[in-house]
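Hi,

Here is the structure I promised to pass on. Have a look at it first, and my notes follow below.

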Amino acid sequence: MRLGKFFAFAFLLSGSVEAQNQVAPVQCKGKVYLTFDTGSQSQAELIAQTLRKHQIKASFFLANEKTVNGDFSLDPAWATFWKNLAADGHVFGNHTFDHVYVVRDLPDGRFQVKPQFGTSAGKTLTWNAQEYCKELQRVENAFTQLTGRVLSHYWRAPGGKLTPHLVAAAKTCGYTHAAWAAAGFSGDELPSEKWSNAALLQRSLRDLKDGDIFMAHMGIWSRKTPWAPENLEPLIVGLRQKGVCFATLDAHPQLSLHK
């Protein structure tokens, strides 16, 4: 075999092996919607690379959270990262700027909240709909400044916790909440001493079904054995072997945006 033909054959063979590793299903038997919330960002680049490798589009929910780099996830230092993800075709939603948890509703239509970050971190505040919309707008502004793009009006409350007044407030500024399915909880916030990555992966592969929204974080401070390095690629490959396809939330039949 001539040298040129040998290299051509080797190139084709390597491409074939790579295609096999990605395990694309012959027929789509259902869809799962991968979503990722900001966190410590320790797994951010790994998640981006893995999705890129397998040519998967996912949905990301952004808050300005403290990262392992000592900065915050919506700081200018993260502009290139978010720009590259946006260029890959992912969808981006709102997770409140200061990762604001709702505490409870009040009789007058307002509600109490507790930001995790920012100047009011750890304090219990009383907000109305206008103040909550202002918080969501902060994420929109930051995303546009970092990427030159417009944030989609999907919203995920920190912790997934909702109250009637909170939902009504978000609706006034055009946001649709995107929760995750029970089977879609990655478990990456659970202690790894009690919930191993292997057990979490097995549960996800067993229980996820068509239409489920899956949620993981881009890094969790408290988990000793990070979820993503061990589980993300096996989850993708395992679901594809079962005939599952992946899509962004804008293709979800039960979600509609109010812009």
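A disulfide here is a pair of cysteine sulfur atoms within 2.5 Å. By that rule there are 2 disulfides. One of them joins C28 to C245, with S to S at 2.4 Å. C28 sits in the loop between α1 (3-22) and β1 (30-37) and C245 in strand β10 (residues 244-246), so this pair ties together parts 217 residues apart in sequence. (Helices are DSSP runs of H or I with at least four residues, strands are runs of E with at least two, and both are numbered from the N terminus.)

The other disulfide joins C133 to C173, S to S 2.3 Å, and with -90° about the S-S bond this link is left-handed. C133 belongs to helix α4 and C173 to the loop between α5 (164-172) and β8 (176-177), 40 residues apart. Counting bonded cysteines along the chain, the pattern is 1-4, 2-3.

Before going on, two notes on the source. This is a predicted model, where local features need pLDDT of at least 70 and side-chain atom pairs count only at pLDDT 80 or more, while totals for chains, interfaces and linings use all residues. Residues are numbered from 1 along each chain as its sequence is written, and side-chain values use heavy atoms, with hydrogens and water left out.

As for burial, I use buried for under 20% relative accessible area, exposed for over 50% and partly exposed in between (1.4 Å probe, protein chains only). C133 is buried at 17%, whereas C28 is partly exposed at 36%.

Now the inside. A nonpolar core is a set of buried Ala, Val, Leu, Ile, Met, Phe, Trp, Tyr and Cys residues joined through side-chain atoms within 4.5 Å. The largest has 55 residues, and L34, F36, F60 and W82 have the most contacts inside it. Helix α4 (residues 129-147) gives the largest share of this core, 7 residues. A second, separate core of 9 residues includes Y33, A178, L249 and L255.

There are also 11 aromatic pairs. (Rings of Phe, Tyr and Trp, the last by its six-membered ring, pair if their centres lie within 6.5 Å; planes under 30 degrees apart are stacked, over 60 edge-to-face, the rest tilted.) W82 and F92 have ring centres 6.3 Å apart and planes at 85°, so they are edge-to-face.

Cheers
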